[in-house]
Amino acid sequence: MTADTRRGRAGLGGVLSSVSLLCVLLDLQVDGVLGATHVEIEHHLEMGRKLLAAGQLAEALSHYHSAVEGDSKNYLTYYKRAAVFLAMGKSKSALPDLSRAIQLKPDFLAARLQRGNILLRQGNTGEAKEDFQAVLQGAGDQTEAREQLLKADELEELQEEARSTHLQGDYEGAVRVLDRVIEISPWDPESRELRAECYIHLGEPRKAIQDLIPTTRLRNDNRAAFLQLSKLYYNLGDHQEALSQVRECLKLDQDDKDCFSHYKQVKKLSKQLDSAEELISEQRYQLAIEKYESVMKTEPNVPFYTNKAKERICHCLLKNHRTHEAVDVCSEAHQQDPRNVNILRDRAEAFIQNHDYEKAVEDYQEAKELDGENQEIRDGLERAQKLLKLSRKRDYYKILGVNRNANKQEIIKAYRKLAQQWHPDNFQAEAEKKEAEKKFIDIAAAKEVLTDPEMRQKFDAGEDPLDPESQQGGGGGGGGQGWPFHFNPFGSGGNFHFKFHYN
């Protein structure tokens with residue numbers, strides 16, 4: 001026990017005796033204030049050693065903290081605590097302990113070597129070389145120090161080459177050099193930031209992100225890295241992560257003007273995007289369209305957001321049965337983002353609504369080439385192909401001249417109009433009467449299928465419920481134009497004056 005510690009204990013003894021009851025009640029831990037005995041320090045060191053060997057690093061560190069507090073002049077306690085910090089991956093915390101150990105014992109070569117290794121990995125070649133040279137001047141095995149000194153010399157040359165290559169605009173060359181630099185000094189934020197800058201110039205923002213993320217931990221206050229990360233994520237379309245990163249910047253300094261300005265922009269856009277998607281989930285498609293139009297005004301300069309807005313507007317127009325507009329917007333979006341299968345899917349569905357089955361098949365085939373494992377796309381292609389095949393025989397929607405989303409009242413109205421127009425009694429010439437008969441049969445068949453929910457569902461799935469080829473036992477007339485009811489009013493030939501119900 002040092003003299004200073006003994007004097008401290010004696011000075012406090014009288015005070016503690018007068019408030020002993022209060023100390024008991026409050027359960028005060030005064031060991032750290034008064035110092036610890038040699039036995040207590042040895043106990044902490046032994047416990048720290050055992051816990052470290054067992055891999056219980058946090059518990060080991062706690063005991064080494066107590067040992068250091070108990071005896072601040074023991075260089076070994078600092079060295080052992082540094083070893084725990086290193087095992088925990090906290091090199092920045094280990095460095096002060098190693099420096100303190102060397103300060104207390106300048107010829108402590110093990111600490112010198114360990115500190116040199118950390119400095120080298122941090123890219124600090126100057127100080128690292130001093131430590132390695134000090135080890136080489138001492139006794140014992142100097143192999144590692146000699147190897148590390150050579151590595152430090154190599155690193156210095158590579159760092160200079162990387163900076164020079166970067167200044168020349170040879171970003172690919174700079175990346176190749178920096179790969180080796182970072183291999184030697186992975187804890188050097190400057191090298192990672194330089195490589196990130198090269199990746200940005202090379203159009204590889206995700207690789208830049210991978211380099212910048214560690215720098216936020218390698219520097220104590222790296223607001224610049226958080227802001228850069230936020231901007232990179234923002235440009236990639238990940239507005240939520242962009243918001244998260246810029247908030248980290250503001251945690252370090254809430255008055256940072258650059259971070260706050262970017263935060264307001266990201267926050268506004270993020271709110272609009274989230275609101276638009278919520279409106280779509282609520283099937284409020286017109287409001288969603290208006291919200292996505294606001295998105296394009298808020299951020300007109302980042303292609304991801306304008307493309308995303310057009311994609312979703314296309315989807316909303318389709319859901320709102322504005323299919324011709326949907327085709328136009330989807331086509332514009334497809335030009336900007338030709339590998340987006342969602343756009344192709346929605347345009348294909350709009351084509352189906354417009355009875356343009358060939359184009360629907362083309363879009364679904366293109367989407368399948370881009371994403372062959374997408375079951376929705378595969379099912380859509382199969383359905384479009386069936387509808388195309390059916391359309392070459394009989395398309396009930398086209399026969400009545402109604403949209404695929406027409407309701408029952410619209411279907412019956414169209415049927416009545418056409419039935420009156422094409423009733424065979426309206427025609428005198430035999431050829432015209434025969435043509436009218438065929439049309440009248442198709443009109444009646446279309447009404448029968450489209451007003452029956454079960455048959456309509458089958459037809460929408462690409463199956464004709466009146467086609468004898470696909471329906472076992474189904475009736476049919478010549479050429480696949482089968483009469484859908486239990487009787488054929490034209491079957492007896494001759495004069496066919498009859499009445500029918502428009503229901």
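Gln148 sits in helix 10, which spans residues 143-167; helices here are DSSP runs of H or I with at least four residues, strands are E runs of at least two, and both are numbered from the N terminus. The model is predicted, so local features need pLDDT of at least 70 and side-chain atom pairs count only at pLDDT 80 or more, while totals for chains, interfaces and linings use all residues. Residues are numbered from 1 along each chain as its sequence is written, and side-chain values use heavy atoms, with hydrogens and water left out.

Gln148 has a relative accessible area of 14%. Buried means under 20%, exposed over 50% and partly exposed in between, with a 1.4 Å probe and protein chains only, so Gln148 is buried. Apart from neighbours within four places in sequence, Gln148 is in contact (heavy atoms within 4.5 Å) with Asn117, Leu120 and Phe132.

Leu120 in turn has contacts beyond four places in sequence, including Phe132, Leu155 and Ile184. In soluble globular proteins, nonpolar side chains tend to be buried together. A nonpolar core is a set of buried Ala, Val, Leu, Ile, Met, Phe, Trp, Tyr and Cys residues joined through side-chain atoms within 4.5 Å. The largest such core has 97 residues, and Leu120 is among those that touch the most other members. Helix 16 (residues 257-281) gives the most to this core, with 8 residues. A second, separate core of 20 residues includes Leu400 and Tyr415.

Across the protein chain there are 26 helices and 0 strands. Of its 503 residues, 43% count as buried.
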